[in-house]
Amino acid sequence: MMSVDEKLDAAAMVVNRMGHRDRKYLVYAVLGDPVTAPPWVERTWTHIFDALDYLIHVQRSDVAVRSTQLNSLRGTPNQRGISFGRIGWNELGCKRWTHAENGVLLSGRQATFLNCEVWAPSWSICKRDGLAPDVYFSMKSEPNEKLDFSSTCLLAVASDLGQPDEAWQAADTIASTVQAVFRAHCIRQWGGHLHDGALRLNAINDLMVSGLFKPGLKHLGPPSFTVLEGSWAAF
């Protein structure tokens, strides 16, 4: 069995031959049950952090975490945005942006969670290297009370990282933690392709904004594969 260092060296050899859009990913989408604490609440996030930690440490360089949240003061979203500064992948970093209960940061400050994403390595390193991240995780709030789910989580792990079992296990743990009402898996390039083979403009990190669901009233009725864009399967 290869050691972690040997796997990193092997992955680096592949990485050096690959373009930004050519890299393939194991992608997992998870929709969380509204009855459970959302993934940005500390007691839930702790389990997700532990599930991702091994993959984060196998990847090639520094990690970047960023979260978009609004305080409860009046004003435009730009005026209400909360700055968390540089967030590290560690316990102290997690405590800066996670919630004690949904709507209240651990600091006691009221906040509306919008989204959070983890780039491993950081987006600046990805840009410098011309290579998409080894591991990418994002989650966002789905505040519409008519929905059958209250959060969406997305995990993408580069297939050349050589960690398919670990990626599946991390995704499975995330799904169990948020008591997923729906979960799906696919394999695609970072840039992705449409059904007709044309290059998709939205990359994996765009899916939470657009591209995960087909256009239309995707939120009406129970989530299913029919509302997802592209080809997905159960996991």
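Reader: Which residues line the largest cavity?

Author: The general idea first: rolling a probe the size of a water molecule over the atoms shows where empty space is left. Here, the lining of the largest cavity is made by Tyr28, Val30, Phe137, Cys153, Leu154, Leu155, Ala171 and Ile174. (On a 1 Å grid over the protein atoms alone, a cavity is a set of points where a 1.4 Å probe fits but cannot get out, and lining residues have an atom within 4 Å of a point.) This is a predicted model, where local features need pLDDT of at least 70 and side-chain atom pairs pLDDT 80 or more, while totals for chains, interfaces and linings use all residues. Numbering starts from 1 along each chain as its sequence is written, and side-chain values use heavy atoms, without hydrogens or water.

Reader: What volume does the largest cavity have?

Author: About 30 Å³, counted as the space filled by probe spheres set on the points, with grid points joined across faces, edges and corners. Searching the whole structure turns up one cavity of 30 Å³ or more.

Reader: Which element gives the largest share of its lining?

Author: That's S7, with three residues. S1, S7 and H6 are the elements that each give two or more. (Helices, H or I of at least four residues, and strands, E of at least two, are DSSP runs numbered from the N terminus.) By type, the lining has eight nonpolar residues, no polar and no charged ones. (Ala, Val, Leu, Ile, Met, Phe, Trp, Tyr, Cys and Pro count as nonpolar; Asp, Glu, Lys and Arg as charged; the others, Gly among them, as polar.)

Reader: In what order do the strands form the sheet?

Author: It's an open sheet of six strands, S2-S5-S6-S7-S1-S8, with antiparallel pairing; strands pair if DSSP finds at least two bridges between them. S2 (64-71) and S8 (182-189) each have a single partner strand, so one side of each has no neighbour in the sheet. For S2 and S5 (residues 111-120), the pairing runs over eight bridges, and Leu70 has Thr112 in S5 as its bridge partner.

Reader: How do H2 and H6 cross?

Author: Two packed helices are described by the angle between their axes and the distance between the axes. The axes of H2 and H6 cross at roughly 175° and come within 9 Å. (Axes are lines fitted to C-alpha atoms, for helices over the stretch in contact, with angles from 0 to 180 degrees between N-to-C directions.) H2 and H6 are therefore roughly antiparallel, the word for angles over 145 degrees.

Reader: Which residues in H2 and H6 meet?

Author: Among them are His47, Leu52 and Tyr54 in H2, and Glu166, Thr173 and Ile174 in H6; contact means heavy atoms within 4.5 Å. The residues of this contact divide into eight nonpolar, four polar and one charged.

Methods: 1 Å grid on protein atoms, 1.4 Å probe; cavity = no way out; pocket = protein on both sides within 12 Å on 5 of 7 lines; lining within 4 Å. Parallel < 35°, antiparallel > 145°, perpendicular 65-115°, else oblique.
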